[in-house]
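Please look over the model below before reading on.

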Amino acid sequence: MLAPFDLLIPKTLEEAIGILAEKGGECKILAGGTDVFVDMHNKYEHHTFLMDIKQLPELKEFQFIPGEGLTIGALTTHHDLDRSAVVRSRFPALYEGASQVGSVQIRQRGTIGGNICNAVPSGDTLSPLLVLDAKVLLVGVDGQREMPLEEFLIGPKKTALAPGELLVKIILPDPGESKSAYIKFARRGAMDLALLGASAAIGLDADGVCRHIRIALTTCAPVPMRARQAEAVLLGNKPTQELIDRAGLVASKEAKPRSSWRCSESYRRDVLEEIVPRVIQIALERAEKGVSFD
């Protein structure tokens, strides 16, 4: 049973921003509702106002321009990403992350904007977005601003959203010849949160030298994190198996996992040594041979 609340349904982005500025912390944004209603039902949260943003056209944009990149409106669902041919072929790590969020029913309703703003360390789309150099566009009463996703995620369930601001879209640059991958490690082959996750994006020059590398980790720190020390192992070198394995070891050491009831810190580090080289290898093979999800 949900506690009573007032439902607000703005018709324009300007109206939505005005409501946020007026209601402040009493107003919670409602997109897919897959987290909001669960938290309210379990009495974790209570909100005087819910603002349903599903009618705002600015949040529904989905456009890929070759040579520029992909713009994803915050209301884009995980199902939309899962089914997009552009995402599958050009941004495979994001496809693999989105396709493993919750259940089919949750992916039909849950939005990428909500997944980002929920800011949990286990978010399946977050480390893929980090290796794809994602930026977010925020709009508020003082105008709009753009920032890297890495700066937007500041802590568990904490973001850089200012009071009265709304996440409108996510912007991914065209990856060019770089290819990516995501591995989710969970306790069972069913709907479950990631015990760990690893993403990689890699690009090679004509001589097979690594000229672009991004590695990001899920559930390894208070927020999904880039493994920059591990990236440095490969950058400027031909990615031999020895270097790939060393990158996994370095990533395991620079991660900041914690022990919980789900598994220990040492177990997480051991698993990272295995899945980081594996995801790098998958991204590398895609960079060399292309991507196919047929």
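The numbered points below concern a predicted model.

1. Helix α1 spans residues 13–23, and its buried residues are Leu-13, Ala-16, Ile-17, Ile-19 and Leu-20. Because these residues cover an arc of only 160° around the axis, they sit on the same side of α1. Exposed residues Glu-14 and Glu-22 are carried on the face turned away from that buried side.

2. A patch of negative charge is found on the surface, where Asp-245, Asp-270, Glu-273 and Glu-274 gather. Helix α12, residues 265–289, gives the most to this patch, with three residues. Asp-270 is found in α12.

3. Helix α12 also holds Val-271. Is Val-271 buried or exposed? Val-271 has a relative accessible area of 9%, and the cut-off for buried is under 20%, so Val-271 counts as buried. Between the C-alpha atoms of Val-271 and Leu-195 there are 9.6 Å in space, while the two are 76 residues apart in sequence.

4. Ala-119 is not a glycine, yet its phi is positive, near 55°. Ala-119 belongs to the loop that runs between α7 (112–118) and α8 (126–131). With 2% relative accessibility, Ala-119 is buried.

5. Asp-133 likewise has a positive phi in a residue other than glycine, here near 60°. The loop between α8 and β6 (135–140) is where Asp-133 is placed. Its relative accessibility is 27%, so Asp-133 counts as partly exposed.

How values were computed. Residues numbered from 1 in each chain as written. Predicted model: local features only at pLDDT ≥ 70, side-chain atom pairs only at ≥ 80, totals over all residues. Heavy atoms only, no water. Patch = residues over 30% accessible without salt bridge, like charges linked within 9 Å, V, L, I, M, F, W, Y side chains within 5 Å. Areas by Shrake-Rupley, 256 points an atom, 1.4 Å probe, with all protein chains shown as cover. Salt bridge = Lys/Arg side-chain N within 4 Å of Asp/Glu carboxyl O. Lys, Arg positive; Asp, Glu negative; His and termini not counted. Charge placed at Lys NZ, Arg CZ, Asp CG, Glu CD. Helix = DSSP H or I, 4+ residues; strand = E, 2+ residues; numbered from the N terminus. Buried < 20%, exposed > 50% of the residue type's maximum accessible area, 1.4 Å probe, protein only. Arc of directions from axis to C-beta.
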